[in-house]
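Hi there,

Here is the structure I promised to pass on to you. Have a look at it first, and then read on for my notes.

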Amino acid sequence: MNIVVCIKQVPGSTEIQINPTTNTLIREGVEAIINPFDLYAVEEGLRLKERYGGDVTVLSMGPPHVESALREALSYGVDEAVMVSDRAFAGADTLATAVTLAAAIQHIGEPDIVLMGRQAIDGDTGQVGPSTAEKLGVAHITEVKKIETVTDGVATIQRMLEDGYARIAVRLPLLITVVKEINEPRPASFKGKLRAKKAEIRTLSLQDLGLTPESVGLTGSPTRVMKIFSPPKPTGGKVFNGDAHTAVAALISELKKAGLALKQPSGD
Amino acid sequence: MEGITVLVDKCVGCKLCIKTCPYDAIDLVDKKAVINDRCTLCGACVEACHAYGAIVIEGWEPVQTGDLSIYTGIAVYVEHRHGKLVPIVPEIIGAALELKEQLEGQVKEQSGGDTPVAALLIGSGGSGLAQELIEYGVDEVWLVDHPDIHELAEDTISDVAVQIISEKKPAIVLGGGTVIGRSLLPSIASRLRTGLTADCTELTIDAESGLLRQTRPAFGGNIMATILCENSRPQMATVRHKVMNPAPRRPGREGTVVTFDVPVQPSRFEMLEFVAEEASAVNLADAEFIVSGGRGLGEPANFRYVEELAKALGGAVGASRAAVDAGWIQYSHQVGQTGRTVKPQIYVACGISGAIQHQVGMKSADVIIAINNDPDAPIFSIAHYGVQGDLFEVIPELVRQLKETA
Ligand SMILES: Cc1cc2nc3c(=O)[nH]c(=O)nc-3n(C[C@H](O)[C@H](O)[C@H](O)COP(=O)(O)OP(=O)(O)OC[C@H]3O[C@@H](n4cnc5c(N)ncnc54)[C@H](O)[C@@H]3O)c2cc1C
Ligand SMILES: Nc1ncnc2c1ncn2[C@@H]1O[C@H](COP(=O)(O)O)[C@@H](O)[C@H]1O
């Protein structure tokens, strides 16, 4: 089975704030990490390989710096790492990212299963997975919490929904995005770390993928960020303290004053 | 770095851009900013440098998808499950109606000045929902009612939606920020080769250009971004749950149902079974009263404190990620960035510090009440009311006094 896992390198903290006087982002010594959800995708790729055989290739699009993310993935035991990097790719929105990732996946070969994270913690969109699946012309399932079986080219999958989960059977090839419930990622092994250091990382450029500069990066992106700003600062409300009886009595009387019933009217 | 330029004579070496860059992509060389190859052209530095104007990004000239003025009106994708509209549908229609008003207020730019709001209703037996949609205020229902379209057959639905959107050419398409919406809309946008903004919390029309301004949180809610889709159509967005004002329902309202007879591709998915969450896990997203517990509970058995209060209020039980990660309660109860977004009338946070990732999931609750023994816990800065004290004393006391007042 050919398994491709797409990982994104993201700033290691979302604790990014905006300086209220200058209205600019303040970044405090953030280092780059693998998007947390993508670690579950890597782990699921390894588990599928252990169950059904095959090869796991990780793929990351980004500046040359993503090499460190790819080496980390190698240390967990994936077979190959491919870096998709070219200045022309910079500034890509989810559509341009999908165009690029799909071209890279096709370049690597015909995948049976493509795994991605549910969303990246910097952009928080979750759109790259479904969008890439369309570009590849394969089916996709988001929010997958379990891959039950893959037999005779048919995967049986559990997908989370707001009010429960659905069990779905679908023929490969397939792209899925995973939630963290799907597994518990393994730590890097000593052997893996050694291999990760030496392994060669293949790099794919715009030319390798046969894409035009207009279809990728900033120019290939229909959306544009016109403004960034901080969310309005909360002010905080009334806090009661002292012994529990008095504090709770004060809270309830305050709620009553505000006309709030602390109880579902239709309740028991 | 291509595409981005530092105008050396304008750069004063103030380092504001360096502090701002989320990707560590700017260095100071000889007191001037130099962009390195980590740059993703995100534009944060351009904002940071607006006082000096020393950083510019060029080359943003995507191909136009032909004549944009032929795209008019607003279409809302209608998600329905178990034969009913999902709760977010009236909220999206509410947002669409507000946009319609804003667009029609700027008639000068528009040819006809008329901005119809349509509902895209695809499924089997969906026609029963058409009248309800009209009562919520849509002018037209674009209907495909076909026995083979399962509610979760997203590939088939996406295919049908693309055909109708291509034919009707709405200028704006909105969908819900639900599990299905956030899976289906990207596949539709990808096929139409247009932009899509995820999980918007504010949608307005730009007074000058008439474009849709799509505002959404990013970086776990730490920053907000306003996004435009200038050169392709339709402009597409998913809308965050429980943020927009739902359209009121007006029984008996009249509208048009347009039935489409388009080819329906068989789905690649075979639905085996739907497993509803067990009864105790009330659908958090729709609950009006929620009591959540965090690490402050100390151990799994202590969730009974939270459950007891939830029961007294007639509400649902939520949790912080710390409590879920510790294995005290199931993931389906998690509220926050990586859990559910909720907007109840009352949200009671017990033993939850109120990390930003938790806040993004619950801060739009009408009333937030925090119970925490640490006066400096960030939860108090967003709580409308707080009790600073030991939750093991406060919760039972609250339950007792609530019973007395009832
Ligand atoms: C990418 C990412 C995504 C995340 N997504 C989410 C998410 O979806 N949801 C989420 O909740 N978190 C999320 N987090 C985690 C978040 O940053 C916090 O770590 C988490 O919310 C903390 O949970 P907590 O408040 O229960 O625990 P803590 O931060 O440990 O807070 C416990 C609180 O209980 C109080 N306390 C202790 N004992 C008592 C007592 N006896 N009486 C009263 N008060 C007491 C303490 O003062 C403290 O304030 C995410 C983090 C990351 C990096
Ligand atoms: N630049 C990228 N390179 C590789 N994978 C990516 C990239 N961007 C996004 N992805 C994948 O798409 C998922 C969703 O990302 P997003 O749509 O940006 O929230 C991530 O979890 C990754 O698996």
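Helices (H or I, at least four residues) and strands (E, at least two) are taken as DSSP runs and numbered from the N terminus. With that in mind, B:K31 sits in the loop between β2 and β3 of chain B. Please remember throughout that this is a predicted model.

Let me stay with that loop for a moment. B:K31 is not a glycine, yet its phi is positive, about 65°. B:D30 belongs to the loop between β2 (26-29) and β3 (32-35) of chain B as well, and this residue, also not a glycine, has a positive phi of about 50°. Are these residues buried or exposed? B:D30 has a relative accessible area of 70%, so it counts as exposed. For B:K31 the value is 67%, and that residue is therefore exposed too. The cut-off for "exposed" is over 50% relative accessible area.

Next, the cis peptide bonds. In chain A, the bond from A:L172 to A:P173 is cis, with omega near 0°. A:P173 lies in the loop that links β11 (164-171) and β12 (174-178) of chain A. In chain B, the bond from B:R233 to B:P234 is cis, and its omega is near -5°. You will find B:P234 in the loop between β14 (223-229) and β15 (235-239) of chain B.

Now to ligand 2. Which residues come nearest to it? There are 18 residues around ligand 2, and the nearest of them are A:C6, A:D38, A:A120, A:T125 and A:G126. Two of these five names come back when you look at backbone contacts: a polar backbone atom of A:C6 is 2.7 Å from an oxygen atom of ligand 2, and a polar backbone atom of A:A120 is likewise 2.7 Å from an oxygen atom of the ligand.

On its own, ligand 2 has 480 Å² of accessible area, and the protein covers 97% of that. In chain A, the elements that supply two or more residues to the shell are β6 (55-61), α3 (94-108) and β8 (113-117). β6(A) gives the most, with three residues. By type, the shell around ligand 2 is made up of eight nonpolar, eight polar and two charged residues.

Technical notes:
Residues numbered from 1 in each chain as written. Chains lettered and ligands numbered in written order. Predicted model: local features only at pLDDT ≥ 70, side-chain atom pairs only at ≥ 80, totals over all residues. Heavy atoms only, no water. Near = heavy atom within 4 Å. Polar contact = N/O pair within 3.5 Å; in protein donor to acceptor, adjacent residues only side chain to side chain. Areas by Shrake-Rupley, 256 points an atom, 1.4 Å probe, with all protein chains shown as cover. Nonpolar A, V, L, I, M, F, W, Y, C, P; charged D, E, K, R; others polar. Buried < 20%, exposed > 50% of the residue type's maximum accessible area, 1.4 Å probe, protein only.
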